[in-house]
Amino acid sequence: MATCIPAGIGTMRCRVTDCNIQRCRRTTWVSDMPFKRYLQKEFSWSKGVSQVLKVQRCEFSVPQLYRNRKLFKVVSSCKNDGSTKHFDFAVIGSGIAGLRYALDVAKYGTVAVITKAESHECNTNYAQGGVSAVLCPSDSVESHMKDTIVAGAYLCDEETVVCTEGPDRVRELIAMGASFDHGEDGNLHLAREGGHSHHRVVHAADMTGKEIERALLKAIVNNPNIFVFEHHFAIDLLTCQDGSDITCFGVDTLNTETLEVVRFLSKVTLLASGGAGHIYPKTTNPLVATGDGIAIAHRAQAVISNMEFVQFHPTALADEGLPIKPTEPRENAFLISEAVRGDGGILYNLGMERFMPLYDGRAELAPRDVVARSIDDQLKKRDEKYVLLDISHKPKDEILSHFPNISSTCLQYGLDITRHPIPVVPAAHYMCGGVRAGLQGETNVQGLYVAGEVACTGLHGANRLASNSLLEALVFAQRAVLPSVDQMKSSSLDLTASNLWPRPVVPLSLGNDVRGKILSMTRELRKEVQSIMWNYVGIVRSTMRLETAEQKIGEVEAKWEEYITQHGWKPTMVGPEICEMRNLFCCAKIVVSSALSRHESRGLHYTIDFPDLEESERLPTIIMPSSLVNSTWSSRQLHKQPLWQ
Ligand SMILES: Cc1cc2nc3c(=O)[nH]c(=O)nc-3n(C[C@H](O)[C@H](O)[C@H](O)COP(=O)(O)OP(=O)(O)OC[C@H]3O[C@@H](n4cnc5c(N)ncnc54)[C@H](O)[C@@H]3O)c2cc1C
């Protein structure tokens, strides 16, 4: 069994280091300085991370690596056998961040793109609004940055200035084949969304993510150095510890179609596994978004940050208000894009009173956290199940051309949005926190980079500005390329090391009956955890409710572990739903701990016990790696050994 390795916090200069999964305290990267001395501009965690991490840059040349391959299949390679595969780069996730990075690093080596379902199944594919970028002459990077910081409730890291890189990243997407809407003047049509003071959202009608994903996947298919492994569930990272340095050498996966464990040894690993919407029962995220990457990284001793900032999108379609109700509950709520409010959509309660001006001078164009809280307040005060978003006062042609996806989806349920308002409710949408990244996507684990929603780069602060996440994913996927290539070239990966880590076991020996019982208990308790999160860790929080959540989640977890253990499940065993469940537990607990440790209300974190902003609290929340010694089964990494003995 795995060697227990002490928490890798020795390299990090922290003031407070007693965080574990049960309870965390916030900390700062810079030692010996009290919190309240810092202003955000003086406190840059990217700087802190960069001091800790050794990211080297060097000149490099492009090796000629050509291999014949068939679409989405790995063809023979002398280095690969069925259960172990060797690549220069392993990319976990096939959304915008993973694919964008893969296309660049493939110029320097072989790339495995590992993804848990079909390649296109990811948050990216569902993005409606677009990518924000400063492309209009009357707009400016300063204005975009200001909007980002205001939306982020002044917790954004100003050093993470991704806004300057937006136009280039958008142009690259176009060069890769993505097609965006143009105005009558022939220029890109720029939409305006809540929180933006300019028109700056590049889009493909209301299906921007689908168009980006299509273009990137097409480019991936045509790239001879990239091999895509669909239905491969990343279980845990393969890490080694040398003194206080932790290095990542790849990832163990479970092929969910063949139920085989496949080990990927790689010189560099990019974690681009997206969000964690499914820690809540109502979410706009597809089923793949179960926070696996955050939990995997946490177990591998990576630093996690800002997890209390869960964005609830104010306007997901409320099925109960539709003329024709869906026959089955949806896996993910259908989003009514921010752009509907940006285009003039007005929110009413069921008494047809326009309520947003009562809460905020920016009315419907206020940032998402403000709008979501206002809707939540209306629903509670009026004891109603949804509110109405009306765009029907706009010309019919305009509505249909701007929102073809939204209008056709609503029409399937008997609702003509050109004539009637849309029933909407808030739903969990985006995770602002994640694996803490430096300015080039580096983490405290050597050889491990992060990009996209799984990362916490500092850009979003306490609340993400609309359409900034696709931008952030593009920017960090690109920034991580050079340091990754550098790391790849200097990697000391020993190809014979493959068997140093014990292999996870697929529990075929347990028999169908027992496996069925474990699965049905897991599904039942998954719903229970999600409902605890919704009821106690939602849009409006309190210390008592958070503590109740902490206790209840602990109880459900203990019950689950006891049940599956009694039925013969061993810690070395893996199955997709079991792995997801332990990841959901891990993420849920980190969100609760982080929320409990923030004694103020800022951005997406609103608690009635600390309803005001506190300047002294204006610091990111950091979850230090927990020691493995006292961790529970479900938060322990299964296999990890020193490589050099
Ligand atoms: C409905 C909706 C609308 C949105 N609209 C916008 C918008 O207009 N503008 C904007 O900027 N942002 C928007 N967002 C947010 C944005 O889409 C996401 O933040 C962004 O696409 C994330 O990209 P990503 O590459 O990090 O992750 P994703 O696109 O989610 O990709 C994650 C990938 O990781 C894989 N994965 C996860 N776990 C594992 C595992 N254990 N093993 C293997 N693979 C795994 C998944 O299968 C998936 O392929 C929206 C999100 C949603 C849900």
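This is a predicted model: local features need pLDDT of at least 70, side-chain atom pairs count only at pLDDT 80 or more; totals for chains, interfaces and linings use all residues.

User: How many helices and strands does the chain have, and what percentage of its residues is buried?

Analyst: The chain holds 17 helices and 18 strands, and of its 645 residues 54% are buried.

User: How should I read a sheet, and in what order do the strands of the open sheet run?

Analyst: In general, the strands of a sheet pair through backbone hydrogen bonds, and the pairing is either parallel or antiparallel. Here 4 strands form an open sheet in the order β11-β14-β13-β12, with antiparallel pairing. Because β11 (310-317) and β12 (346-348) stand at the edges with a single partner strand each, one side of each has no neighbour in the sheet. From one strand to the next, the twist averages 45°.

User: Over how many bridges do β11 and β14 pair?

Analyst: β11 pairs with β14 (residues 422-431) over 6 bridges, in the antiparallel sense, and His313 stands opposite Ala427 in β14.

User: How many residues of helix α2 are buried, and which are they?

Analyst: A residue counts as buried when 20 or more other C-beta atoms lie within 10 Å of its own. In helix α2 (residues 96-105), 9 of the 10 residues are buried, so the helix is largely enclosed by the rest of the structure. The buried residues of α2 are Ile96, Ala97, Gly98, Leu99, Arg100, Tyr101, Ala102, Leu103 and Val105.

Technical notes:
Residues are numbered from 1 along each chain as its sequence is written. Helices (H or I, at least four residues) and strands (E, at least two) are DSSP runs, numbered from the N terminus. A residue is buried if 20 or more other C-beta atoms lie within 10 Å of its own, exposed if 12 or fewer, and partly exposed in between; C-beta atoms are placed from the backbone. Two strands pair if DSSP finds at least two bridges between them. Axes are lines fitted to C-alpha atoms, for helices over the stretch in contact, and angles run from 0 to 180 degrees between N-to-C directions.
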